[in-house]
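Trainee: Hey, I've just opened this one and I'm a bit lost. Can you walk me through it?

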Amino acid sequence: MSLARVYIYLWPVPHGSWPVSVRLLALIPVAVAISLALSAAVDAVALPLFLDTTGTILATALAGPVVGIAVGVLTSAVNTLRNPTFWPFVVVQVIVALYAGLAARAGLFRSLKTAVPTGLGLGVIASLTSTPISYFVFGCTTTGGIALTTALGRALGLPPLGACFFGSFVSDFGDKAVTFALVAAVLHALPRRTAARFPLALRAIGAT
Amino acid sequence: MSALHPFSLLAIAAALPAFAWILPAPTGGLATAGLALMLPLVPDPRWGVRVVRLALLTAAPFWLFLRLLHDGPTTVAIGGRITTMVASFVWLVAVLSPDRLVEAMVARGWSLAVAYVFAATLSAVPVLKARARRIVEAQRCRGLSPRGSVANRLRALRALALPLVLSALHEVDERTLALETRGLGAGVPRTPLAAPPDRPAERVARWALLLLCLAALIWRLA
């Protein structure tokens, strides 16, 4: 169902009504920009985080996985203009959106106690998904940090694929937990009236 | 080269990495990397040298990390492919104007939603990045210290990220109103003002590139 609606997003729309509301359409570029602009905050605190899925998770928690997938695909596309190796990892963004959609429907953004473990779970899934792409397409050299942790894994005696997973896991595990915690904080800080304008926001924080 | 139809530029930038991965390594990857690095030099060598230099600087760390993790032949095999991908996209960014791409998409009958989302994202990213930097400076002026223990840094991150994300979300309301005021909710197709010309020869060349990719893939799998 979700994939069919993404297809509608990408295909010429015949004359008539729009497949998505204008509000959700306006949310997509803002969410992509959030993902990319947060790097300035991360640089300021000098933590080994990416937070590049924040917009995807936030858009999903507000408006569901269809909007989240659109945000994820667009984030990868814009990142690709900066660093072309981002594009094959678009699959990870789609999985993040689907996972965040399930989490939002289950109300797992209701507190940090539920959001952080859910983010840790996503960290494992994201590293399992990105490892084969990183290994077979790029030989585990996608970013400097991941390449260095992969080299550390090799030095610890892990096989090549295991070392690649180790590199991805180290970067993704904490990053996704912090991202989920940040999105939960944003959803709780949103005025109720603003949150109610998005279809999934109140359910994500367990308010309905 | 930038006078080519945006879809033709996209087709070239997509086909070169596809060939790099389909053709046998290392010859295939190195040949496509050479082609991708030659592309910017075709119209204006002086301008092209700057693009090639940027592509080589972007690709260099990958070679370094590949050498760190792999033996010589594997480094050359994967390095050629990655260099093709990097050089193709650096060239694409240098020659492709987002405005022309949006006009071409609208002229081809693509949903205005796709065109809007694409153009709005490209304009929103630098605006929000500048706002993020201003928030960092403002919070520092108020005494926020983003150093110390990990817990302290995470608290500082929250103080920096929340204002940025909340202000961006409030902007969604303004954008919604602006889009509805301009009649985007009506679903009426937009008339492109300056649609880029799409010559028959370019259309044929795009189809030929696609068929060549498919043929190469079948040859490799056979």
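This is a predicted model: local features need pLDDT of at least 70, side-chain atom pairs count only at pLDDT 80 or more; totals for chains, interfaces and linings use all residues.

Trainee: OK, and how many residues of helix α3 of chain A are buried, out of how many?

Mentor: Ten of the ten, across residues 54–63, so helix α3 of chain A is largely enclosed by the rest of the structure.

Trainee: Let me zoom out. How many helices and strands does chain A have?

Mentor: Ten helices and zero strands. As for burial, 56% of the 208 residues of chain A count as buried.

Trainee: What about contacts within chain A that link residues at least 6 apart in sequence?

Mentor: Of those, 66% join residues at least 24 apart.

Trainee: Back to α2(A) and α4(A). At roughly what angle do their axes cross?

Mentor: Roughly 45°, and the axes come within 9 Å. That is why α2(A) and α4(A) are described as oblique to each other. The crossing of α2(A) past α4(A) is right-handed.

Trainee: Which residues meet there?

Mentor: On the α2(A) side you have A:L24, A:L27, A:I28, A:A31, A:V32, A:S35 and A:L36. They meet A:V67, A:A70, A:V71, A:L74, A:T75 and A:V78 in α4(A). By class, this contact of α2(A) with α4(A) has eleven nonpolar residues, two polar ones and no charged ones.

Trainee: Switching topic: how many residues of chain A are in contact with chain B?

Mentor: There are 50 from chain A, and they are in contact with 54 residues of chain B. In chain A, α1 (2–10), α2 (22–45), α4 (65–82), α7 (144–155) and α8 (160–189) each supply at least two residues of the side that touches chain B.

Trainee: Which one gives the largest share?

Mentor: α2(A), with 18 residues. The side of chain A that touches chain B divides into 39 nonpolar, nine polar and two charged residues.

Trainee: Last one. Which domains does chain B get?

Mentor: The domain assignment gives domain 1 (6–97 + 199–221) and domain 2 (110–186). The C-alpha centres of domain 1 and domain 2 of chain B lie 34 Å apart.

Definitions and conventions: Residues are numbered from 1 along each chain as its sequence is written. Chains are lettered from A and ligands numbered from 1 in the order in which they are written. Helices (H or I, at least four residues) and strands (E, at least two) are DSSP runs, numbered from the N terminus. A residue is buried if 20 or more other C-beta atoms lie within 10 Å of its own, exposed if 12 or fewer, and partly exposed in between; C-beta atoms are placed from the backbone. Two residues are in contact if their C-beta atoms, placed from the backbone, lie within 7 Å. Ala, Val, Leu, Ile, Met, Phe, Trp, Tyr, Cys and Pro count as nonpolar, Asp, Glu, Lys and Arg as charged, and the others, Gly among them, as polar. Axes are lines fitted to C-alpha atoms, for helices over the stretch in contact, and angles run from 0 to 180 degrees between N-to-C directions. Angles under 35 degrees count as roughly parallel, over 145 as roughly antiparallel, 65 to 115 as roughly perpendicular and the rest as oblique. A crossing is left-handed if the near helix is turned anticlockwise from the far one by less than a right angle, and right-handed if clockwise. Domain bounds come from an automatic or database domain assignment.
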